[in-house]
Amino acid sequence: MERLAGLYNPKSREYALVLVFFLLVAILFTWPLVLHLHDGIVGGHGDPLLNSWIISWDARTIFTNPAGLFQGNIIYPSRDVLAYSEHQFTLGVIAAPVYLVFHNPILAYNFLIFFCIIFSGFGCYLLIKELTGSRWGALAGGLFFALCPYKISQFSHIQIFFSPFLPFMLLYLYRFLERGRWRNLVLFVVFFVAQSLSSWHYLLYSAMAAGLLWLWTAIFSRRKKDWIRLVVTAAAVGVAALIILPFTLPYFRAHERLPGFERTREEVELYGAKAEDYLRVLDVSVLYGDAPSPFKEGGIGYENVLWPGLMILILAAAGLLLRRREEDDHQAFDPASFRRGALFFLILGVLSALLAFGPKIGGWDNPFYMIPYNLGLLQFTRVPTRFFLLVAISLGVLGGYGVARLAMRASSGRDGGWRVGRLAGIGLLVLLLLELLTWNLYVYPIPVGGEVPDVYDWLAEQGDVAVIELPTHALGPAGTYDNDLKLEPIDIFEYLYREGDIMYFSTYHWKKVVNGYSGYSPFFYRRTITEMQGFPSRRSVDLLRGLGVEYVLWDWYWVPSERMEEYNVRLFSTPGLSHVEDFDNKSVFRVEEGDTALPEEMEVAAVAPAAVPAGEGFGMGLLVSNPAQAPMVCVEEEWQRYRLTCKDGTGKVAAEVQGDYRPPFFIDGGEAVTLPVEVEKGLAAGSYELELELSGGVLGDRDFDLAIEVREMPVSTAPGTLAGGVFLETGGQALNVPSPDGLYPLATAKLKNTGDTLWRALPQLGDLSLPPGEVHLGLAWTEADGSLWEYQGCSLPCDVSPGQEVEVPMLVRPPAAPGEYTLQLQMYAEGIGWFGDAIQVQVSVGGWTDVLTEP
C-alpha cells in the first residue's frame, strides 16, 4: 500500500499533468492527425513513407533476424540498403510493440510522432526545471523545443524530428557532473545511445552538446572529485561508442565499395542557411501562415524554416539580460545556475547557428563548419540547417530562464505575489503557444488493412521471390549512358510519390523489390530504372531475368491514356513475359525462365593509349564482349582488383600499379561494353611493355600484354590541335532500334585521332559530371522536322593518342516515340565543344506494331 500511495505523491501528479499538457498540445498542433492515426500521414507520400518502411523493417527485423537488419527488401539486388539512409534503430525499437500488435505501419509511424512531441517536451521540462527551479519556465521551454517551427517543418523527416532523448541526456549528464551517482551516469549513457541510434545526425548533435558541456564543466572544475567525474564521464562515452560502433560498420562497407557515398561540398552548400531563412515561416502557422512582409513562406518538408518566433527571442533575451536584484533569491537568478545553464546554452546555440550556415556565410568560407568538415566529421551530413535543432533546445532553455525570471520579478514585493507570478508565467506560456500554434495540417490518406490493393495479399503468398513494379516514372536526359549515370525524373515529386507507395506497400508482403529510393541510389538501381524506360522489350526482360526477378506488377494507373493500346499489345506479345492475373488496376506478369551467361564466360580485351605524356597518369580500359545469346548480369558491387606492371626496354620493372575497376553489370547477348581502368602513376619518357593482370575477380584470371610509348605531347585538358574522325559501317542502311526508350547497344563506332593532342577519357567527378578536357563521342538525335530530341555521349574505352584508332560500343537511349531519326556523331571535349569530322546516320525506332517482329 505504501508503494501504491507513492504513485500519488505531488511529484507524480506534477509529472502526470505535464505529460497530459504535452499530449494536448501535440493533438492541437497536429490537428487533425489524431483523427487519422491509423490511416493518414503528414508530409506527403515521399520521405514519410520511406521512413515508415524503415521503421516497419526495423520493428520486424530487430527481434526476428537482427543480423539481417541492414539487408532491406528494397533496391534489390543491392546490399546493406538500410545504410543508404538513416537506420532509425531506436525508432524501430519503440514502434515495435505497436507494429507487431496491429501490423499497421502508419499507426506505428504516427505513434512515434506523438511520442516524440510528448517526451521532447517532458524531457526539456525536467532539464529546465533542474536548472531554474521554475515550472512555468520549464513548460514554456519544453513547448518551444517540442513544437518550434523548425521541428514542425521536419514532420516529413521523422529521423530529424525525433529528439525526445536529447534533453534527458543533458539532464542526467548535468546531474552526474554536479552530484555524481552511478544511476545518473547510466541514464546519461542510455539516453545518449538511444538518441544517437535514432539518426546519425543526432550522434553528431548529442556528441557535440555533451562534449561542449563536459568542456564547459572542466573549465570551472577545481575539486578532485569533479575531475574524477569528468574522467568517468569520458570513459562512459567510450562505452557508448562501443555500443554504437556495430551500427556504423555497414556504412563503412558501403562507403568502401560505392562511389559518391559521402556528401560533396557543393551539395552541402545548397542546404546551408541563408540570411533570409531566419525570416522563413510555416504556411500552417496560425499567426504567420500568410507570410506577411518581411517574412518568407516555408512549409512541412522545407529545410530552412528558421524563424523561431518573436516571443521566444524576447524570453531568451530576458533570461540572459534581466539582472539579479538583492532580493532575488530564486534559483533562476543564482549566478552558478546562470553560468552552468544559461551561458552554456548561449554558447551552444551561437555555435550551432554558425554551423547551420554550412561551408559559407555570406559568400565567405565558414571556418566553424569547414574545419570539422575537412577533418571528415561532417562529410556524412548533407543539410547544415539541421544544426538548428541545437539552436532550438538552446532557445528553449534560455526562454525557460526568461519566463522564470520574469515571473519571479512579477511576484516580488507584492501581497499575494505568488499569484501574480503564476499569472505572469501562464500569460507568457499562452503568448508563446499562440505564436507557435499550427493548425489544420494536411493529412494524406494512406490505404491500410483491407484498403491495401489485393495484389499485395496475393504476392505475400508467393514465397521467396523478387518483383519490380512498373512502369517507372519518365526520366529526363542523363548524358552518357554507358558510364555511371544520374536519375533525372521529369517530375521529382511524382517519382518520390510512386516509389514511396511501392516501398510502403512492400510492408504488406516483404518480398524483394527492385523499386525504392533512399538518401543514396547505387549504380544497379539507376541503371535498371533507366533500362526499364523501355519495358516491355526483349532487352529489358533479359535484364530482369538476369537479376532473378520473377514477377512484374504493372500498374495501369500510371500509363497515359493515349498509350494504353500500345502497352496492352506489347505486354502480351513480348517474348519472355507471361500474364498471370489481374487485380483491379494492376496486372501481374511472370518473367519466364531462360538461359543466362556467367561473367567468366565473357570475352575480354585490354585497350590502352599508344602513347602518353611523361609523368602523368593515363586511362586504360577493358573491352568486355558477350559472345553468347543469353544475357550476362553481374550483381557484384565490390570493385575488382587489377595489377599493372610496366617494364622498360631492358625488361626491368619501372613501375607496378594496383587499382580497382567496376565489374560489368549487364551485357546482353552479342553486346560489348568498356570498363575504365585508371592508372594514376605516371612514367618517365621511353618505351614500355605493360602487363595487366586480373586475378580472383568476377571475370576470372586474365593476363594482357600491351605496349606504350611515353613522350611529350599536349593533352585535351590543355590541347594543341583537336581533330579526329568517326567511322560507322552501315552499308548505307538505316540502323534499327526494335523498341523505343530504355537503353540499346546501337552499333560499334571507330574513332581516329588525327590531331596532335591526347584525348583524355577522364573519370566522372563526384557529382557524376564530366571534368574539363574529357573527350567522348557525342551524339545528337534530331527528329524528322529537324528539332533536337537529346544530346548523348559514349565514353572512350581509353585515352587515345595522336594517330591511334579505337572502337567505341555505342550504348544509347533511343527516343521515347517511334519514328525516323537522324543521329549525328562527332567528337566532343568538355569545356571546349565539338571538334573533328561529323557523320550522320539514319535510325529507325520501332513502335508497338513492330513488337511481334523484334529480333
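Analyst: Strand β16 (residues 640-647) pairs with β17 in the antiparallel sense, over eight bridges. By the way, this is a predicted model, where local features need pLDDT of at least 70 and side-chain atom pairs count only at pLDDT 80 or more, while totals for chains, interfaces and linings use all residues. Residues are numbered from 1 along each chain as its sequence is written, and side-chain values use heavy atoms, with hydrogens and water left out.

User: What makes β16 and β17 a pair?
Analyst: Strands are DSSP runs of E with at least two residues, numbered from the N terminus (helices are runs of H or I with at least four). Two strands pair if DSSP finds at least two bridges between them. β16 and β17 have eight, so they pair. In β17, V653 is the bridge partner of K647.

User: Why is β17 called an edge strand?
Analyst: The open sheet has five strands in the order β13-β21-β20-β16-β17, with mixed pairing. β13 (611-612) and β17 (653-661) are its edge strands, each pairing on one side only.

User: Why is S716 called buried?
Analyst: Buried means under 20% relative accessible area, exposed means over 50%, and partly exposed is in between (1.4 Å probe, protein chains only). S716 has 1% relative accessibility, so it counts as buried. You'll find S716 in the loop between β21 (702-710) and β22 (724-727).

User: What does S716 touch?
Analyst: Contact means heavy atoms within 4.5 Å. Leaving aside neighbours within four places in sequence, the contacts of S716 include L722, W759, R760 and I832.

User: How do you know that there are zero disulfides?
Analyst: A disulfide is a pair of cysteine sulfur atoms within 2.5 Å. A search of the whole structure finds zero. Take C646: the closest cysteine sulfur, in C798, is 15 Å away, so that's too far for a bond. C794 is in no disulfide either, as its nearest cysteine sulfur, that of C798, is 15 Å away.

User: Are C646 and C794 buried or exposed?
Analyst: C646 has 1% relative accessibility, so it counts as buried. C794 also has 1%, so C794 counts as buried too.

User: Which residues of helix α16 are buried?
Analyst: In α16 (residues 367-374), they are Y369, M370, P372 and Y373. What covers them includes α13 (265-270) and α15 (335-356). After α16 comes G376, with a positive phi near 90 degrees.
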